[in-house]
Amino acid sequence: MIPTKFAYRRAASLDEAIRLLQESGGEAKLLAGGHSLIPLMKLRLSEPSMLIDIGRIPDLRGIRERDGLIEIGATTTHHELATSELLRRLAPVVSEAAAEIGDPQVRHRGTIGGSLAHADPAADLPAVMVALDAEIHLKGPNGWRAVPAASFFQDLFTVDMAPDEVLAAVKFRPVWHAAYAKLHQRASHYAIVGVCAALSIENGSIRSARVAVTGASTHAQRLPNVEERLVGRQATQAVIDEAASVAGDTLEDVNSDIHASEEYRRAMVKVFTRRALERAMARA
Amino acid sequence: MTTMERPVLPKLIGARVKRREDPRLIRGRATYVDDIKLPGMLHLAFKRSDVAHGRITRIDTSAAEAMPGVVAIFTGRDLMALPGATRPVGARGTYAAKIGAGLPPMPIGTPFPSPAHYAIAPEVARYVGEPVAVVVAEDRYLARDAADAIVVEYEELPAVVDPELAMQGQPTVIHEGFPNNLALPYVPMGTGVDPATGAVDNSAIDRAFAEAEVVISQRMVNHRVAPNAMEPRGVVAHWDAGKEFLTIWSATQNPHILKSMVAAVLGLGEHQVRAIAPEVGGGFGCKINIYGEEYVAAALSRILERPVKWIEDRSEAFMATIHGRDLICYLDLAARRDGRILGVKMRLIADIGAYNMLLTAAIPTLTMLMASGTYDIPAIRCELTEVFTNKTPTDAYRGAGRPEATYFLERGIDMLARELGLDPAEVRRRNFIPKEKFPFTTQTGAVYDSGDYEKALNRALELAKWDELIAERDRMRAEGRLVGVGMAFYVEVCGLGPSSSLPTGGWEHASVTVERDGRIRATTGASPHGQGNETTFAQMLADLFGVPIEHITIEHGDTAVVRQGIGTFGSRSQAVGGAALMMAGEKVRKKMAKFAAALMDANEEDLVFENGMIYVKGSPTTGKSFAEVARYAYIPVPLPPGLEPGLSEEAFFEPPNNTYPFGAHICMLEIDRETGEPRLLKFFAVDDCGNVINPLIVEGQVHGGLAQGIGQALFEEVVYGPDGQLLTGSFMDYALPRATDFPWFELDRTVTPTPVNPLGAKGVGEAGTLGSTPAVVNAAVDALAEFGVKHIDMPLRPEKLWRIIHGRAQA
């Protein structure tokens with residue numbers, strides 16, 4: 001790890017982190033688990049002049065239920081998500097997706113806020129947050145702001161977040177009929193394709209459906225043509241098969257690399273959409 | 001005479017003794033190169049080429065020179081004292097006088113013609129990662145900053161990436177004097193080839209194919225992989241200007257070879273160099289080679305008269321440490337319909353990358369040597385061409401040439417069995433060299449020492465419950481699953497080797513000293529870096545002297561402590577180094593028996609060494625303690641006639657031949673029909689490495705070898721783009737297997753001792769990589785048999801398998 005020279009500051013509070021960000025004039029980076037940022041610094045693809053460590057701000061970490069919403073602090077680790085009793089009860093898809101991230105070391109250091117703010121096109125949690133219709137809570141010099149996940153992720157490594165804002169928390173409603181299905185890239189264990197499906201099923205009928213994909217394109221995004229074929233229909237295998245058969249057809253800028261061609265990725269979007277829907281529906 | 005009761009010491013040879021090395025390694029108490037810190041030490045960073053092929057037109061070091069903490073910058077021309085050298089940096093004066101004639105091109109260990117290869121490219125960069133300048137700075141971070149600040153301009157040349165185009169001189173020629181990029185244009189081996197003259201007589205091999213009832217022909221690629229030792233390379237060099245003496249610490253597998261080569265390149269005598277391999281975190285062959293960074297560090301310490309350190313980072317390791325394998329084979333296999341093989345042809349094309357390193361050119365010749373496998377094949381013809389490309393050079397990687405041979409042959413035999421509708425085990429059995437025929441000389445000239453292949457195959461079939469395994473596969477297939485079963489048999493050449501087969505000599509050295517207090521200090525010229533020889537060698541001496549293993553230290557890796565040595569590679573440490581150790585130990589024991597005999601007024605032939613005592617056979621309760629006899633040997637009053645004082649002996653062991661361990665690997669593999677993802681369900685390995693000192697360590701070596709062999713089949717691949725850019729430059733893109741990718745390994749052994757060393761041990765370090773790779777691919781082809789697939793090139797990427805399953809053209 002031979003990065004360029006940088007200063008290190010540990011922020012004691014969210015407001016201090018914001019102040020330090022402002023003072024740096026856009027040259028500082030927030031450090032939480034560091035599992036995306038530090039590899040980039042090691043490769044000198046990122047050369048921040050200062051790291052502002054938000055990893056020890058007490059209010060930023062933890063999982064709670066408040067006013068019917070689940071709230072997860074930004075510096076909560078993937079391991080904490082994967083092993084949270086609360087999540088396993090109220091939104092098991094989040095735990096399951098977190099358990100598929102990287103390896104034990106990554107899961108013990110990497111954080112949900114870091115993953116979302118970094119917006120790697122193949123990260124797992126962005127698809128989950130989009131499918132859960134989560135709100136991303138940001139704090140900046142002008143106070144708080146909440147952004148729906150679906151509009152937070154804009155492009156490759158690009159999110160709706162100002163340089164002096166801090167991603168503080170995510171909030172979403174409990175969801176039971178939801179599942180995440182992922183094809184692992186075998187080196188990085190990021191998603192070649194990851195699909196999160198969140199359904200609400202009443203009396204065997206699909207009342208609402210949100211399906212989001214990661215890994216396939218520039219950023220996590222919904223698959224509206226799949227959702228359209230689900231809403232208002234019976235929760236049956238035939239319906240799922242039909243909906244999954246069009247998955248990804250509307251996707252643009254599908255990725256192609258040494259691990260998976262565009263052709264393969266498009267085929268896998270359909271496979272993993274179906275698998276996610278099957279698992280979401282099957283959850284008793 | 002003492003009659004004290006002593007604890008009974010268990011015999012340790014053959015026991016599952018836990019590795020004595022592990023506590024310090026696990027607790028972070030081991031000393032690696034990067035832990036060496038010397039006063040006044042400077043740090044190196046290399047500026048490396050970011051183009052695959054380019055003529056250096058300008059190197060601008062001005063910005064880097066101006067950075068505080070930068071001591072010196074050298075280009076290739078500077079260090080090699082070639083025309084066009086720029087003046088050295090700053091106000092520190094000229095170093096030219098100290099460089100003298102400059103660093104010469106790097107020596108290699110093979111006799112073939114080779115282009116000049118400088119430690120730092122002076123004119124043309126020929127692969128991404130080749131050094132073009134070196135920075136010396138006060139700390140490692142500054143050194144790296146300054147390296148980044150050096151601006152290098154290239155006239156870019158076409159990148160030569162495809163070896164089969166390269167052979168036609170396309171798109172360009174990399175080295176002057178090597179037309180069509182042919183490093184070795186044509187080397188034949190096998191039936192009808194006169195090894196002395198290279199004259200070729202085709203009549204026997206042609207007759208085999210003319211008489212064949214079935215011919216299997218297949219092009220296969222044993223692709224390029226990166227060794228990925230857990231510890232990257234590193235070097236610390238310290239020139240003591242007062243004594244004119246160089247000490248060099250390096251993450252190397254062979255400090256004695258390093259010493260010799262660094263001395264030669266720097267124009268020093270070998271008495272002026274001490275090389276130390278401290279704790280070394282794995283090598284897998286890649287740390288046999290002596291690299292440019294080691295020569296540069298040594299030279300710069302001498303020029304600057306300060307210690308210097310260079311530690312490779314992981315990104316550098318991917319591009320600047322040698323790669324392994326990368327061999328294309330056009331296989332033709334002639335057989336009768338009963339499965340009997342009449343002849344084998346292997347036309348081999350080795351993509352060796354941009355330069356010859358220490359053993360580069362020799363590795364593919366081992367593939368030819370082992371082309372007969374475990375089979376009595378009456379006619380074999382191998383033809384090898386080695387080709388330069390704009391890639392990282394290749395050299396030895398775990399197995400080094402033998403896994404390639406095994407892969408091609410075992411794939412071929414599987415294709416034959418499939419073509420004939422025969423059981424693959426039966427086809428192998430029908431062609432095995434029978435055990436009565438050992439020692440057996442193959443058509444390629446290898447003299448197999450000993451073998452009982454049928455026994456190992458039978459044991460593997462029992463272990464895997466072969467018939468049940470096939471039935472289980474068929475049941476799973478009936479459920480619509482894609483499941484395959486694969487097997488492979490291998491024979492390896494290990495225990496390298498007689499001095500005639502290695503440029504360094506092929507012996508090994510050891511010394512054994514019984515100290516004055518009866519504790520034992522031994523040295524070995526083997527240089528273990530994960531093999532566990534500190535444990536196995538101590539086990540051997542514990543039994544030989546009848547003392548507790550805790551009383552024994554095995555020292556290695558320091559040429560000032562270990563007088564002579566060759567090193568650890570080619571699965572030679574136990575078979576060759578262990579034999580040398582036993583010879584030295586027996587010399588000491590013999591001398592000690594003389595002292596004991598004098599002390600006890602006994603006959604030395606009647607003495608027994610056991611439980612910390614030396615006593616007359618049959619009288620275990622009366623005798624002298626081991627320590628007491630040791631003390632007497634050092635304070636010999638009176639000195640027995642004809643004896644010198646002291647208990648310290650050394651030995652060189654020169655093996656008369658290599659050893660040839662063998663085994664059978666069997667696996668079951670499932671492929672996800674929708675995604676193409678392969679998953680191993682079962683894996684069985686029966687290995688025969690002769691006599692075993694420590695089964696736990698043998699199993700550990702087999703596990704590691706299986707991980708790398710299976711890793712190559714399923715996951716690992718170095719990929720270059722069409723422009724010669726390295727696309728797998730980190731673990732984000734280079735897939736190493738994880739523990740969770742493997743099923744439980746079911747292991748067993750047969751024991752066929754070798755006659756070529758007194759231990760009967762054959763070596764096991766590389767064996768796991770041989771059978772596993774073809775077994776996995778054979779299983780994958782079996783799983784996809786319904787799609788009419790005959791062969792799949794590795795690695796078994798999910799998309800590749802998905803394309804077969806879904807009838808899509810390969811991308």
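Predicted model: local features only at pLDDT ≥ 70, side-chain atom pairs only at ≥ 80, totals over all residues.
**The contact between the chains**

Chain B contributes 20 residues to the contact, and chain A contributes 15 residues. On the side of chain B that touches chain A, two elements give two or more residues: helix H5 (140-149) and helix H21 (798-805) of chain B. H5(B) gives the most to this side, with five residues. By kind, the residues on the side of chain B that touches chain A are ten nonpolar, two polar and eight charged.

**A helix pair in chain B**

Two packed helices are described by the angle between their axes and the distance between the axes. For helix H13 (residues 424-431) and helix H14 (residues 453-464) of chain B, the axes come within 10 Å and cross at roughly 165°. Because the cut-off for roughly antiparallel is an angle over 145 degrees, H13(B) is roughly antiparallel to H14(B). The crossing of H13(B) past H14(B) is left-handed. H13(B) makes the contact through B:Ala425, B:Arg428 and B:Arg429, while H14(B) uses B:Glu454, B:Leu457 and B:Leu461. These residues divide into three nonpolar, no polar and three charged.

**Strands around S13 of chain B**

Strand S13 (residues 324-335) of chain B is largely enclosed by the rest of the structure, because ten of its twelve residues are buried. Strands of a sheet pair through backbone hydrogen bonds, either parallel or antiparallel.

| Strand | Partner strand | Sense | Bridges |
|---|---|---|---|
| S8(B), residues 214-225 | S13(B) | antiparallel | eleven bridges |
| S13(B) | S14(B), residues 341-353 | antiparallel | nine bridges |
| S6(A), residues 135-140 | S7(A) | antiparallel | six bridges |

B:Ser217 has B:Asp332 of S13(B) as its bridge partner. B:Ala335 stands opposite B:Ile341 in S14(B). S13(B) and S14(B) form a hairpin with five residues between the strands, and in this hairpin B:Gly339 takes a positive phi near 95°.

**A sheet in chain A**

Chain A has an open sheet of five strands in the order S4-S5-S10-S6-S7, with antiparallel pairing. Strand S4 (63-66) and strand S7 (143-148) of chain A stand at the edges with a single partner strand each, so one side of each is left without a neighbour in the sheet. From one strand to the next, the twist averages 25°. In the pairing of S6(A) with S7(A), A:Ile136 stands opposite A:Val147 of S7(A). Helix H1 (residues 14-24) of chain A packs on the sheet and touches S6 and strand S10 (166-172) of chain A. The direction of H1 makes about 135° with that of S10(A).

How values were computed:
Residues numbered from 1 in each chain as written. Chains lettered and ligands numbered in written order. Contact = placed C-beta atoms within 7 Å. Helix = DSSP H or I, 4+ residues; strand = E, 2+ residues; numbered from the N terminus. Nonpolar A, V, L, I, M, F, W, Y, C, P; charged D, E, K, R; others polar. Axes fitted to C-alpha atoms, helices over the stretch in contact; angles between N-to-C directions. Parallel < 35°, antiparallel > 145°, perpendicular 65-115°, else oblique. Left-handed = near helix turned anticlockwise from the far one by under 90°. Buried ≥ 20, exposed ≤ 12 C-beta atoms within 10 Å, placed from the backbone. Pairing = 2+ DSSP bridges.
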